[in-house]
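Let's take a walk through this structure together, from its aromatic rings to its nonpolar cores and its charged pairs. Keep the viewer open as you read.

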Amino acid sequence: MELAAVLKSQTVQKQIREVGINPNYWYPVTWANQLKAGEILAVKIWQQAIALYRDRNNQLHALEDACPHKGVELHKGKVLGCNLACRYHGWEFNGSGECVNIPYFPQEQKLPCAQVHSYPVAEKYNLIWIFPGDPVLSLMSQLPEIPEFSDSDWLIVPITAYFKAHFSMCNENTIDVFHGFLHQELQGWFDPVLTNLQATEASVFTEYKVSYQGSFTKFLGLSEQSDKIATRTISIQYSYPHYHHFLEGVSSLYLMRLPVSPTETRSFSLLFLKLRLPRWILQPLKPLLANFIRHFVFLKFLTQDIEMVESEHKTYLANPQRHYVEINPAIIALQRVTIGQYEQFTQKFSREQPNGK
C-alpha cells in the first residue's frame, strides 16, 4: 500500500517502547566463523537464554540454556562428541534436547524423562541463525536473500553493533535518513527528501533523495570531484525483522536485527561496496580494505548513532509517560508494523492455549 510521503506532526504510540518481538522469524546470533567445533556459546533472543554449540561433526545445535536437573546453564558445560554435557553432573543431551546419558546412572536402568527445549538453527552468509518461535513455522520462514554475498565483484564488510536500547529505537534510526545532521562532520549526507513510502503488514519501503559532497563522496565514487554535490537515491526495505539499505550505484547494506531484551539490541550487518579498482588489485586487498572501511569509516557513523539511540532510551526510561512528536511518516509506518507483528503473534499464541489461557 502506497502512503503519502508527507512530513506532518503525529503522536508516537507509547506502546512501541514496550512491545515484544514476533519470534516466528529467523534471528542472527553470531558470526559462524566465531564458533568452532567443540565450542559452546551463550546467546539470547528476546530474553530466551540459549546454549549454542557446534559438535564434532561441525553440526550446529541450539538448546535452552538450563539443565532440567538443577537448572545450571548448559553453556558452562562441554561438548562430548555430538552431545552437550552439563558441567555440574555430566548429564548429556543430544541436539534434539533428549537426555542420552548420565555418567553415574545404572546402565540397566531407564533414563529419566529429562528434556531440554531445542531450537531450529541454520548457517548462511557466515551467520548462525536461530528460530525462537514455533519450530513447525521455521520450515516455511525464509532467511533474507543476499545475492551479493556470492558475487566476487563486491567488497564485503561485516559489522557488528550493540545498543543499550529497545530494538524499536534502533530500527527507527535505520529507516530515518533525516538524521544526516548528526553525521555532518563526517561528510555524511544532507538535504534529504522523502520521495516514496509503501507499507504492508510486515514491511515498509522508503526512498529518499540525498546529497553528498567532500572527499568521502569522491572515495565512494559518487562524484569525480570532492567539491561537487552528488545527489543519489537511498532505498530502504524493511521486511520484519531485518533491513536492506541500497545506495544507488554505490553500496548495498543488509542489517539483521537481534532483539536481546527490552534494554539491549544487537545487529549483524553485511555492507557490500563496489570500489573503482581493477580486480587484480582489489582481490588481494579485500581483507585490508574491509578492515579499514569498517574501523575508519563505517564505525565512526555507527558510534554516533549508538550514542543518540542510547540517549533516547535513557530519557524514555526516566519518564515512560513523556509525550513525543514524530513528523517522518516512515517511522510511523514502521511502528505500525512492529506493533502489528507483536500483536499477531500474541493473539495467535492466546488462541492456541487451552481455554484461551
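Rings of Phe, Tyr and Trp (its six-membered ring) count as a pair if their centres lie within 6.5 Å; planes under 30 degrees apart are called stacked, over 60 edge-to-face, and the rest tilted. Y25, Y238, Y240 and Y243 form one aromatic cluster. Before we go on, note that this is a predicted model: local features need pLDDT of at least 70, side-chain atom pairs count only at pLDDT 80 or more, and totals for chains, interfaces and linings use all residues. Residues are numbered from 1 along each chain as its sequence is written, and side-chain values use heavy atoms, with hydrogens and water left out.

By the ring rule there are 11 aromatic pairs. In one of them, the rings of Y125 and F149 have centres 5.5 Å apart and planes at 70°, so this pair is edge-to-face. Y125 sits in the loop between strand 11 (121–124) and strand 12 (127–130), while F149 sits in the loop between helix 1 (135–138) and strand 13 (155–163), so the pair links parts of the chain 24 residues apart. Helices (H or I, at least four residues) and strands (E, at least two) are DSSP runs, numbered from the N terminus. Y125 is buried at 8% relative accessibility, whereas F149 is partly exposed at 31%; buried means under 20% relative accessible area, exposed over 50%, and partly exposed in between (1.4 Å probe, protein chains only).

F178 and Y208 form another edge-to-face pair, 5.5 Å centre to centre with 80° between the planes. Here F178 comes from the loop between helix 2 (167–175) and strand 14 (190–199), and Y208 from strand 15 (residues 203–212), 30 residues apart. F178 is partly exposed at 26% relative accessibility, and Y208 is buried at 0%.

Now for the interior. A nonpolar core is a set of buried Ala, Val, Leu, Ile, Met, Phe, Trp, Tyr and Cys residues joined through side-chain atoms within 4.5 Å. The largest has 60 residues, and V29, I45, L52, I130 and V204 have the most contacts inside it. Helix 5 (residues 329–352) supplies the largest share of this core, six residues. Contact means heavy atoms within 4.5 Å; leaving aside neighbours within four places in sequence, the contacts of L52 include V29, L60, V121 and I130. A second, separate core of 22 residues includes V157, V297, L302 and Y316.

Which residues meet in salt bridges? A salt bridge is a side-chain nitrogen of Lys or Arg within 4 Å of a carboxyl oxygen of Asp or Glu, and the whole structure holds four. One joins E312 and R17 (3.4 Å, N to O). E312 lies in helix 4 (residues 279–318) and R17 in the loop between strand 1 (10–11) and strand 2 (27–31), so the pair ties together parts 295 residues apart in sequence. R17 is buried, with a relative accessible area of 10%, while E312 is partly exposed at 33%. R17, E172 and E312 are linked in a network of salt bridges.

Another salt bridge joins R54 and E123 (3.1 Å, N to O). With R54 in strand 4 (residues 48–54) and E123 in strand 11, the pair ties together parts 69 residues apart in sequence. R54 is buried at 3% relative accessibility, and E123 is partly exposed at 45%.
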